[in-house]
Every structure is written in structure tokens, then in C-alpha cells.
Number of protein chains: 2
Amino acid sequence: MSAVWLNGDFVDQSEARVLVADRGFTLADGIFETIKAVGSTPFWLSEHFERLKAGAVEIGLTIPFSETRISDAIDRLLAGATEDTPSAIRLTVTRGSAARGLWPKDAASQPTCVLTVAPSPATHPQDFVVCRSTRRNEHSPLSRIKSLGYGDNILARREAINRGVDDAIMLNTQRHVACATVGNVFFRIEGAWVTPPKADGILPGLARKRFIVELGAAESPLSSDMLRKSDAGFVCNSLGFSQIKSIDARDLPGDLTEIPIEAVYSP
Amino acid sequence: MSAVWLNGDFVDQSEARVLVADRGFTLADGIFETIKAVGSTPFWLSEHFERLKAGAVEIGLTIPFSETRISDAIDRLLAGATEDTPSAIRLTVTRGSAARGLWPKDAASQPTCVLTVAPSPATHPQDFVVCRSTRRNEHSPLSRIKSLGYGDNILARREAINRGVDDAIMLNTQRHVACATVGNVFFRIEGAWVTPPKADGILPGLARKRFIVELGAAESPLSSDMLRKSDAGFVCNSLGFSQIKSIDARDLPGDLTEIPIEAVYSP
């Protein structure tokens, strides 16, 4: 499981390197997907490719390998995996190395494409705060694609840990609820499930899409005031589901046993 | 000039690589400075260190080498430089490689520190548009430090080129003027020079600081309506100065010959 697929070659993790001139490293000029696998089976692969392609169109990036080629590489990376063991595959595509400058003439010359595999730890119920240190920028198209720029999410997570909890709920610039630092959020308010709409600056998560269908959830703007009326909530991403136990020290006691987690997380 | 200083070692540019697990590459978790040099003389080095340190405090990052050590490395990188030739030194510090996750336990283990040197082309008067595709997020502290996340600026530059001009003026989420894609902006409105305040989501540029003093410029919020009353403008960063010839096809005819460019760009 310590192999990395880098631009077509399998290399050991300790040898998998990119040039310091790679625009992924210098300018966060790239996108990625995080893909769940159990044993040797990746989940929702064609949907991850669709979302990756949509992100690539948004930033004018060429994906340098075919889906078949990337899919084959994933199969080979997972070939030795223990049955029933969950892992997280990360697929990263950057604009590759280039001369300095935001948009040099050779910017699109040779994109970089990387696949890594890591253990995916079990999720557990978590305590949250509403993030104060930064906001999600719904005015940027990057808020709706899986861009490499995770600085604000890192600030929010760090704030949460410094405030003694597990994670943070991020608000957007209008103070609408957007998401957690690595997942979409759902809240039950007066008996109905609600999740923020894409326009509020959220990544359209693949688990989110499934939970919207399973729960009949509404996609509607959620003010931070409305958040205080919720009695249950959870975070989800492609890797898993976590109950939101509390927000700003207010307990969310709602029972989540009826949520069809296993139905959602099937290959 | 093709050497790179990477974590204490001088290596050829073609061999200067970081692990794909580096958080600079995976999450844009780092900061940088761009430093002007002419011949073997770097400009404003102590101020660049001050700004780098302030950015490091903001994101909780340790700079792994002393200023003396980095300064010595810059001297060695510039040792072979031709007199009077301008170059751009980039100093990048990331949180280094780590296990996956936004804030894993080993996140701060070994930061990555890189110095590169590149030619610095002469600047020239430029045509601008006001960016429509994205906005600067003044609600994020990252808008005021030199974070690696340049995705929005890249989108803005790409939009400008697609619209047939050189660069874009970025607005913040309140539609105040913030900056150009790689520099601060100054406008002359009814005879007085104005530049956006730090609170509006701008990097506090080192050239900006000098031009504020030299021109007696006011730091005040600048709406996009006020921008239409400007008769002269320029962009500046640590590397140089560019006249703003036009914005959205409206000419800014103002004479800039009285601007003390040489006084500002002295070591």
C-alpha cells in the first residue's frame, strides 16, 4: 500500500516527488478527488471522474491520462489490499511545472497526475464549533470544485482543535452555513433535513447527493441562526459519515439510527 | 542561475523535488515571498523576512531555517549573477510532508523550505478588466498573507487573457477594489492617490508601503463606481511597477512621469 502512481509510473512513496516548479506546489494550481475503497474495490469511480473533469474545465486544465488508464492504476494500487479494509485513494492533477508567473506561455505543457493510497480511519461522532477565523468564499468558483487551495479549511480545523473540539462548521461571506472542513453538512430542523445549496460555496459531494435522495433533504440556505434550531446533524464525504454531537457546546441529541448509512456507502 | 536551495542543499533545478505528500503540494499549506534582486543584491530582505514571519504566525507554521542561513543561501544563489540584471527570488515555506488529513498529528514535523531564482522581465503599461469570474475573500486572513493558494488569482488572470487584455482588477466580496492578480493597485481620483486598505483583503505589499509614503496616498475602500472616476493608476509589487493604461476599455490617460519609481525601487 506504500506505492504511488506518478505520471504513469509506480514508485515507492518515499521516492514519489514532483519538481519544486510544479504549479501544484507553487500556486495550488490543480484539483483532486478523494475516493473510498474497501479491499480492492474503489467506490463511485465514474462519478469521481465526472467531478474531476468538471473541475478541470473550470480552471482550464487538461487531465493527462484517460479514465481507463487511471482506473487500471487504481486497480493495481489496490491489488494487495486486505479484504474489507477501507482505504482512501487520492487522485491529484496539477498544471505541472512551468516558468514563474501566474499564466506563463508554457503553463499547460505537461500536467502532473498522482495517485496515492492511505488507510482510511473509522469515523466517530464529533464536537464542532462555528468557525470564527475565516469564511468560505461563495463568490469563487473554486468553492464548488475540489481545488488544491485548502488553506481556509486548515485554518478552520486548527481553530477547532485550539478551541478543544474536533472540527468546525464554516460559514460563507453572507454568514450562511457552508460545510465542515472536509465534508458536507446536513441538519434536521423542525423534523426536516436541510443541506446548504451549491450556490452557498460548497463542493457538490457524492455522498451528499445520495443523502439528499435517501432523506428527501432540501437544498436551502441555512443561516447561522437557523443552525441553532437543529436537533440533529451529520457530516459526510466520500470516505464516510460522522454524527455532529454538538455545536458551540450545544448538544444535538437527535437519534441518527434511521439514517441509511450502509445504503449510501455501497460501491 | 539554475540552482535551487532546498532544505539546506544546493541542487540543480531539474533535480529539485519535493515529496508528493508535501502539504504545499496537497493542500497549499504554506507561504512564500518574492524578492527582487539586481545583480547580486537582494532588495528589502529584512522586510520580506518580517512579512514571512507574520504569515507563518497566522497559519501556525515554523520557519525551519534562520534568516542568516536563508540570507547566506540567497547570496550564494546570486553569486554568479550579471551586474544590473534583475531577478526574482522566490522563498517558499510549507508545512512539509505528512500523513493525509487536514491536521494530522505529525503535521509540523519537518517544514519544507525552498529558494529559487528566475529572470525578472521588464514590466510595461498594461490593459485591465475588472474581474467577473471570482472575488477576493477579505473575510479570510489568507487574503492578507502570501499564502500558496493562488487559484483565484490564476482564474482572474486567465479571464483577463481570454478577454484580450493583460491583467484583471480583483474585487472583494463587497465589490470593493482589492488588487491586481500579482500586485497592489493605486488610483488617482480627483487629484488624490488612493489604495485599498488591508481590511479589504489585500497583501500588504512592500512596494505599496513605499508608494503610500512617496505619494501621500490614502488607504481607503474603493468601490467599483469610484474606480470609474480615476484618471491614472498603477500596479506595484516587490519586483516592479506597471502603469494601468485602461480598465474595461476606458483609458486612464494620467501622466505618471512624476511618480518616484526609482526612489521606491532602491535596495
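Val18(A) sits opposite Val18(B), a residue of strand 3 of chain B, in what is a predicted model. The two copies of strand 3, residues 17-19 in chain B, run antiparallel to each other and pair over 3 bridges. Pairing here requires at least two DSSP bridges between the strands, and strands (E, at least two residues) and helices (H or I, at least four) are DSSP runs numbered from the N terminus.

Chain A and chain B each put 59 residues into the contact, taken as heavy atoms within 4.5 Å. About 4,400 Å² is buried between them, with carbon and sulfur atoms giving 68%; this is the accessible area (1.4 Å probe) lost when the two parts are put together, summed over both.

As for polar links, 15 residue pairs are in polar contact across the interface, both partners at pLDDT 80 or more. Such a contact is a pair of N or O atoms within 3.5 Å, one able to donate a hydrogen and the other to accept it, with sequence neighbours counted only if both atoms are side-chain atoms.

Residues are numbered from 1 along each chain, and chains are lettered from A in the order written. Local features need pLDDT of at least 70, side-chain atom pairs 80 or more, while totals for chains, interfaces and linings use all residues, and side-chain values use heavy atoms without hydrogens or water.
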